[in-house]
Amino acid sequence: MTRIPRHVAIIMDGNGRWAKQRGQDRSDGHAEGVTSVHNAVEFASDMGVGYLTLYAFSTENWNRPQSEVDTLMHLIGWAIERELPDLLAHNVRIRLIGDIDRIPEGPRQKLLNSQQTTAHCTGLILCMCLSYSSRWEIVEAARKLADAVSRGKMSISDITEDVVADNLDTAGIPDPDLLIRTGGEQRISNFLLWQIAYSELYFTDILWPEFGKADFAKALLDYQRRERRFGKTSEQVSHEAETDSNTDTMR
Ligand code: IPE
Ligand code: IPE
Ligand code: MG
């Protein structure tokens with residue numbers, strides 16, 4: 001319990017394959033995936049994770065068959081509305097990340113409402129990535145910075161790593177400590193490319209609709225066994241940890 005990641009990000013993949021395995025429609029897989037979202041949020045909140053970021057719909061997902069896109073958009077709106085009382089009860093704050101303007105009016109209003117209604121919550125911060133891709137986000141940031149420079153609001157030398165981070169959609173959110181991808185693929189699919197520079201990666205074959213609290217716990221245990229070196233040597237890292245724990249004892 002002493003090494004709970006501050007920020008966990010999840011690429012929720014495998015809904016379609018889960019449905020196909022049972023001879024069902026892909027949309028049944030998405031619907032079942034909502035239960036896994038509910039459980040993951042509850043678990044992260046109970047464990048004291050500070051931020052949970054969920055990849056729910058990518059920029060590239062707009063290229064899926066229109067009927068699947070429509071079903072997904074409807075489902076997202078329906079699910080956020082249904083979950084809202086429970087999110088409030090758990091003190092969960094919603095933060096929307098991505099090109100939300102592209103979401104159809106109905107579900108968009110429900111999403112914006114959930115963000116507004118939970119704005120006072122001080123528990124888990126649930127970042128929902130919708131119509132999101134990392135390259136889109138980086139291009140947007142580049143445009144904002146270029147605009148500021150061209151209007152004389154800042155100079156080129158003012159552009160630092162912190163300034164770039166502050167102009168991404170994830171501004172103010174610490175980088176993920178742990179990135180989980182379900183569904184067996186070992187790729188990033190245009191998710192948080194800048195932010196995961198030093199995240200620990202965890203891939204599991206479990207399909208998203210089957211990903212439960214025990215599976216989440218397994219990922220956390222795996223994370224806790226890892227040594228994060230951030231470019232330093234193992235000796236440096238363990239020496240720093242020792243110094244830290246001595247300081248703790250003295251307090
Ligand atoms: C993830 O499941 C959900 C979204 C991308 C919206 P998929 O729909 O990608 O499921 P698979 O990968 O086809 O099994
Ligand atoms: C990634 O899943 C996006 C989300 C989980 C929302 P995809 O199923 O779209 O990823 P690819 O296309 O297989 O890489
Ligand atoms: Mg997929």
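This is a predicted model: local features need pLDDT of at least 70, side-chain atom pairs count only at pLDDT 80 or more; totals for chains, interfaces and linings use all residues.
Residues are numbered from 1 along each chain as its sequence is written, and chains are lettered from A and ligands numbered from 1 in the order in which they are written. Local features need pLDDT of at least 70, side-chain atom pairs count only at pLDDT 80 or more, totals for chains, interfaces and linings use all residues, and side-chain values use heavy atoms, with hydrogens and water left out.

**Stop 1: ligand 2**

Select ligand 2 and then the residues around it: Ile11, Met12, Asp13, Tyr55, Ala56, Phe57, Ser58, Asn61, Arg64, Arg181, Arg187 and Ser189. Each has a heavy atom within 4 Å of the ligand. By class, this shell has 5 nonpolar, 3 polar and 4 charged residues (Ala, Val, Leu, Ile, Met, Phe, Trp, Tyr, Cys and Pro count as nonpolar, Asp, Glu, Lys and Arg as charged, the others, Gly among them, as polar). Strand S2 (residues 51–58) gives the largest share of the shell, 4 residues; strands are DSSP runs of E with at least two residues, helices runs of H or I with at least four, numbered from the N terminus.

**Stop 2: the arginines**

An N or O atom in the Arg187 side chain is 2.7 Å from an oxygen atom of the ligand. For Arg64, the distance from a polar side-chain atom to a ligand oxygen is 3.2 Å, and for Arg181 the side-chain N or O atom is 3.3 Å from a ligand oxygen. Of the 390 Å² of accessible area that ligand 2 has on its own, the protein covers 78% (Shrake-Rupley method, 1.4 Å probe).

**Stop 3: the largest pocket**

Ligand 2 sits in the largest pocket, with more than half of its atoms within 2 Å of the pocket's grid points. A pocket is an open set of points on a 1 Å grid over the protein atoms alone, where a 1.4 Å probe fits, with protein on both sides within 12 Å along at least five of seven lines; lining residues have an atom within 4 Å of a point. This pocket holds about 800 Å³ of space. Among its 41 lining residues, Met12, Asn15, Val37, Tyr55 and Ala56 are the closest to its centre. Next colour helix H2 (26–47), which gives the largest share of the lining, 9 residues.

**Stop 4: the second largest pocket**

Finally, select Glu227, Arg228, Arg229, Phe230, Lys232, Val237, Ser238, Glu240, Ala241 and Asp244, which line the second largest pocket. About 240 Å³ of space lies there, and the lining has 3 nonpolar, 1 polar and 6 charged residues.

Terms used: A polar contact is a pair of N or O atoms within 3.5 Å; within protein, one must be able to donate a hydrogen and the other to accept it, and residues adjacent in sequence count only if both atoms are side-chain atoms. Grid points are joined across faces, edges and corners, and a volume is the space filled by probe spheres set on the points.
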